[in-house]
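Hi everyone, thanks for coming.

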Amino acid sequence: MIWLKIFSKLLKALQSGSSPKQLSAGFVLGMFLGMTPFLSLFSFIIISITIILNVNISMFILGSLIFGIIGYMFDSLFHHFGYFLLVDVSALESLWVFFVDTPLLSLLRLNNTTNLGSIVTSFIFLTPVYFATIYMVIKYRTRIGEKVNKLKITKIIKGSKLYSIYQKVTLIG
Amino acid sequence: MFRRNGIILLLTIVVFLFILPTLFLDSIIENYLEEYGSEQAGALVEIEGLTISFIHSKIEWDQLIVTDSENPMLNLFETGFSTMDIDIPMLFSRKLLVPNIEILDLQFQTNREKSGAINKKIKKQTEKPVQSPDTENPEDNQKDNEIHVNFENVNVDSLIDQMEMKAPAKIDSLKSLYANASEQWHKELDQLPDDQQLDLLEDRINNINYKQIKSADDLKKILSEVSSIKKEISGIINSNKEIKDMVTHQTKDFKKHPDLVKQWVENDYDSASDHLSSGGFSTENLARMIFGDEIISQIEEYQSYLSKGRKYYTKFNSNEKSEVVLRGDGQDIYFENMQHYPVAWIKNIELSSNSKTKKSYIIGSVKDISTHQQITKLPTVIDISGEAEGLCSYVANGEIYYAGSNPKEDIDVSINNILLKGYEFKGIPFPVENGIGDIQSSLHYLGDNLSGSVHFNATQLKFNLDAGNKKQGSMIIREIVQNIDKIDMQAEIEKSNRTLKAHISSNLDDIFKSRIDDSVKANKSGTNKQIAKRKADDTQKYQDEITSEVSQLEKQALDKLGISEAEYKGKLKQLDKLKKEAEKSITDKQKKELEKKLKNIFR
């Protein structure tokens, strides 16, 4: 049920009035959450931003799922990258010391190699992923959207009883 | 840009997560600490009246009780009203930093009304087990040929009984030599033909029928068979002879052993006799016997507390590593110039007591208790003193440091004005009627090694001579004890590789030694008679034992050989008879004919 809901919402969002920027921002925030290896203050900040800002929640969930899997696969790379930043780049040492020694900020756990590696990687990919997502949403809406609507699976989902109940409920809500 | 509903949702979450728990924080934390503490201590931990004030950065509680996990009807310790200052910002760095704790009325080993046992979850033990106090008796370490005297029964028999006699061990080694030899003989005997093989041989002999001889060829065949069987039997007889020679030769040597045994037993008794005539015991024995147990039990008591400290320190250190992480946990990097704090650090504990209400008290301070001394680089420093219900007063100083390559504990304890009334020293059969004692001990543990000293000084001593038994042995002690008014004992202790060595000396040693030596020497003639009798009895007993065992073994082997030899000789006679009968059964003409052919057979 939940997957059906997310999928239909996603399709609706991609074709509805949600702007490509809102969709893309949701996806990027999902990327940040998915890439970080464990729950920390950083995860809490990302979830808070997602709730406060008018970004698309379905895209956020999709982003966190996709990048959760990617992050899991690249953990060791994040560890090496984080280790490089923490140990080999001595110019940044005072910055890390500041983060670790400052109450609350220390809860970000930026002195952890995998955590830092994944967060910095997320920031590096922020701009490309953001604009790529906008481009893909626009492309989808102009070219692929109609084809997807015509797909058998989409028709089955849209024609299902559950979907109609869901639509009624959302209309009433 | 902002989602209004989202802001409301977030605020709701914040309220649920932070504000509501704050209202019930005291009871939540109290329950959590009780649960966590019980899990760590392995027994019930109870906290009463816990209040937390973030404004004043303070936690207070009315009572904290920690049950002793090894004895759930006792508390490891309990406190009265206490206050604890906490560094709130550090809590946001996931660290517990406690600049100061003030504890009122700390008491150890108090009784419980109900058992404080909890149902422990079975965990795989990962930490290196902390070694339990070594219970090895120091007396065992220097046992060689020393006599440990029971003062209640000073007599020659008891002294000889406690001598370490060397002859029995040597006699045992002889017996094992016999057992090995016997095993070897029986192995050889087993290689001789068994009943089945003998039956076959028998059948072959029975099948020889000289009446069927009709030609020279028949006779030739029969004589050839007779010759073959004879050869076989002669071989067996030779083997028998070899075994018999071996048995006889070895038993001849064994038969000399009773003389050797006699020599061993006599040597033992001569040595005992020499020992007794020189007094029979050293001052070391006496001091160890009187004070050894006391010292060991005191060391055990200290070590049980220190073991608990090591156990909890190891537990805290291992817990941090077992943090559950769903994905790759990476590595936490620490920098030299960063403020580096352990998970928990109590900088100072001040102990005070409301002496108006309590008969016993502890006051003083404990500094720098931390979960990770390798970070603080500071040892835990203990400086406490107190009084136990008017029985004695004490001062304890110590330094505990686990961050080095080996855990290290230096403890100095001095207990003064101990009321000795009613106390019984082991080996002295009279209790103390009056007296005051002081103990100064200094123990230094490094890993599993220990070095230290214990000094016991008792003054104004008077023993209750009416309370002891009135045996002859006790009369000697009675004379000595009634003149003792002070004891000054010094013990040097060293433990390495789980072996505890204690060198103990006291002013009683010389007094006891000279008096008991006199007593033993006074009975020297009686002593010598007793020794001579026991020597003769034991020598005869051991000699008989050895002689009987050797004869028995020899008899068993030779009997077995004797039976088979007789049988084989019988068979040879039977074969000779058969041969003669066969030869008789042919005519002279045939004889001449055969003589030529047989020449080749019997060459």
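Before anything else, a quick word on confidence: pLDDT is the predictor's own confidence in each residue, on a scale from 0 to 100. We need that because what you see is a predicted model. For the model as a whole, the scores are ipTM 0.76 and pTM 0.51.

Where pLDDT is low, the predicted coordinates should not be read in detail. Taken over the chain, chain B averages a pLDDT of 77, with 79% of the residues scoring at least 70. If we go element by element in chain B, strand 1 (residues 45-48) has the highest mean pLDDT, at 93, while helix 4 (residues 156-161) has the lowest, at 57.

Now, what are the two chains made of? In chain A, 31% of the 173 residues count as buried; in chain B, the figure is 23% of 603 residues. As for contacts in chain A with a separation of 6 or more, residues 24 or more positions apart account for 82% of them. In chain B, 67% of the contacts between residues at least 6 apart in sequence join residues at least 24 apart.

Let's look at where the chains meet.

On to the cores. The largest nonpolar core has 31 residues, and those touching the most other members are Ile295(B), Phe456(B), Ala491(B) and Ile493(B). Several elements of chain B give two or more residues to this core, among them strand 15 (432-446), helix 11 (472-481), strand 17 (487-496) and helix 12 (508-522). The largest share, 6 residues, comes from helix 9 of chain B. If you zoom in on Ile493(B), its contacts outside four places in sequence include Ile299(B), Leu450(B), Val454(B), Leu500(B) and Ala502(B). There is also a second, separate core of 25 residues, which includes Phe27(A), Met31(A), Ile61(A) and Phe67(A). As general background, nonpolar side chains tend to be buried together in soluble globular proteins.

I also picked out a few individual spots. Lys571(B) sits in helix 13 (residues 524-584) of chain B. Is this lysine, Lys571(B), buried or exposed? Lys571(B) counts as buried, because 20 other C-beta atoms lie within 10 Å, and 20 is the cut-off for that class. Leaving out neighbours within four places in sequence, Lys571(B) is in contact with Ile205(B) and Ile233(B). Lys571(B) and Ile205(B) are 366 residues apart along the chain, yet their C-alpha atoms are separated by 8.4 Å.

Next, helix 6 (residues 195-206) of chain B. Its 12 residues should span 16 Å at 1.5 Å a residue, and the end C-alpha atoms are 16 Å apart, which agrees. The number of buried residues in helix 6 of chain B is 0, so this helix lies largely in the open.

Most residues other than glycine have a negative phi. Ser57(B) is not a glycine, but has a positive phi of about 50°. Ser57(B) lies in the loop between strand 2 (51-53) and strand 3 (58-61) of chain B, and counts as partly exposed, with 15 C-beta neighbours inside 10 Å. Gln460(B) also has a positive phi of about 50° without being a glycine. Gln460(B) lies in strand 16 (residues 449-463) of chain B and is exposed, with 11 other C-beta atoms within 10 Å.

Terms used
Residues numbered from 1 in each chain as written. Chains lettered and ligands numbered in written order. Predicted model: local features only at pLDDT ≥ 70, side-chain atom pairs only at ≥ 80, totals over all residues. Buried ≥ 20, exposed ≤ 12 C-beta atoms within 10 Å, placed from the backbone. Contact = placed C-beta atoms within 7 Å. Helix = DSSP H or I, 4+ residues; strand = E, 2+ residues; numbered from the N terminus. Core = buried A, V, L, I, M, F, W, Y, C linked by C-beta atoms within 7 Å. Expected span 1.5 Å × (residues − 1).
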